[in-house]
Amino acid sequence: MTSVVIANAIVNVCGVIGLIVAMLALHRRDARSPLTRRFLIALGIVALLFLVRSVAWLTGSSLLDDLSVIPAAAIPFGALIVTEGMLRRHAPRAVKLAVMVGAAVLGVGGALGLERFDTPYAVALALFQLGGFAACAFLLATRDRQSLMASENRGIDRMTIGAVIVLPFIVTDFGALMPDMPVKLGALGALLVVTAMLIAGSSGEARWHAVLLTVLRLVSSALLGLAAAFVAPDVDAAQIARFCAIAVSGVLAIGLMTDTLRSYLESRAPGVLSSVAISPATTRDQLIAELLRHPLFESARRYREDDLAAYDPLLLRHRLMSHRVLRRADAPWGHPSIDPAVERLVSLLAAGNATHLVVLSSDPVDLLALAVPVTSADPATETAIALVQRILIMTDDVPPRAMMA
């Protein structure tokens, strides 16, 4: 078994893993959506292609190699049904007929071993796939934008760009057309597309963070592959390309798995805001009692004005009016460090070994002191604490679930 076969098989196995993870993520987001079902069918066809092809290469089975052409010929069909779902209308009958007839003819021909006529069959399959993608891109580009929502138009634009980007990767899979390619990159292109697809479903800020993380993964994995290539003897440009392709594919597949698993685990353990949203509490005291059961607030202690007699509540009132949450790390919070009120607040934080003071009321003084472990002190936690403060100060007459609506 040559290094070329091993590299191609590994990249395709990573593609299978990434596509399956993407299918699970999409199914979990909206299992009943008709568009989700279309995406699952299209991704399933591509995953089946990569799986059959990688097994054929690793086992040397000519039968599986012949059968792998069936899902390859069905890829334009998968792209067309996704296009119809995104446009919310049927494609022209001629396009549908061409895609279905082409998939049947080329698929049956591949199963019968006609791809052994390497160049003619490879040209026909390549033209069919590229023609199918081009037809879908044309339908997307010439759509009636007014009939779709702004979010749908943005999603279609991103999908069109992704399709254009993945085309060069698909061409490398046709060995008869590009015999000198050191590794087939179709699976790598698919990994890039599904990664971009899952990123596009995030909010604006989360999407930007995901893009930065993906760029970091791509650059670092490529450098890792480059470094690993020089460990092997007789390194040449083709060997470097194989190592880099394996490293990038592996890191993308692992990234998809870890991101999806983390999202799943986080959804299983409700956060602070989720606990507030489902809480049956109708008053501030009841809601605070509920919050004290959450790990983030389990160390919290409430200080009413009577409890703060030693800290001069009258002096604290004026200073607390301009703050909602006081972090010990931010002291003196924009005031002189010798300010008497600041000194008392710092002393209160130190006495309770607290990291945050949540201001429930400044007149009369009502505070919630809590200690956030350094391992949990991230921007998301700070945002959750700030939002909980906003909810608490408005909870006396309004149920918490109504505040979250």
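Helices α2 and α4 are roughly antiparallel to each other, because their angle of about 165 degrees is over 145. This is a predicted model. Helix α4 is also roughly antiparallel to α5. A further helix, α13, has buried residues and exposed ones.

**α2 against α4**
- Helix α2 spans residues 34-59, and helix α4 spans residues 69-87.
- Their axes lie 9 Å apart.
- The crossing of α2 past α4 is left-handed.
- On α2, the contact residues include Leu-35, Phe-39, Ile-45 and Leu-49.
- On α4, they include Pro-71, Ile-75, Gly-78, Ile-81 and Met-86.
- By class, this contact has 16 nonpolar, 2 polar and 2 charged residues.

**α4 against α5**
- Helix α5 covers residues 93-111.
- The axes of α4 and α5 come within 6 Å and cross at roughly 165 degrees.
- This crossing, too, is left-handed.
- From α4, Val-69, Ala-73, Phe-77 and Leu-80 are among the contact residues.
- From α5, Val-95, Val-99, Ala-103 and Gly-107 are among them.
- By class, the contact has 12 nonpolar, 2 polar and 2 charged residues.

**The two sides of α13**
- Helix α13 runs over residues 313-320, with Pro-313, Leu-316, Arg-319 and Leu-320 buried.
- These four sit on the same side of α13, because they cover an arc of only 115 degrees around the axis.
- Leu-314 and His-318 are exposed on the other side.
- The cover over the buried residues includes helix α14 (340-351).
- Strands β2 (325-327), β3 (356-362) and β4 (365-370) also belong to that cover.

Notes: Residues are numbered from 1 along each chain as its sequence is written. This is a predicted model: local features need pLDDT of at least 70, side-chain atom pairs count only at pLDDT 80 or more; totals for chains, interfaces and linings use all residues. Side-chain values use heavy atoms; hydrogens and water are left out. Buried means under 20% relative accessible area, exposed over 50%, partly exposed in between (1.4 Å probe, protein chains only). The arc is that of the directions from the helix axis to the C-beta atoms. Contact means heavy atoms within 4.5 Å. Axes are lines fitted to C-alpha atoms, for helices over the stretch in contact, and angles run from 0 to 180 degrees between N-to-C directions. Angles under 35 degrees count as roughly parallel, over 145 as roughly antiparallel, 65 to 115 as roughly perpendicular and the rest as oblique. A crossing is left-handed if the near helix is turned anticlockwise from the far one by less than a right angle, and right-handed if clockwise. Ala, Val, Leu, Ile, Met, Phe, Trp, Tyr, Cys and Pro count as nonpolar, Asp, Glu, Lys and Arg as charged, and the others, Gly among them, as polar.
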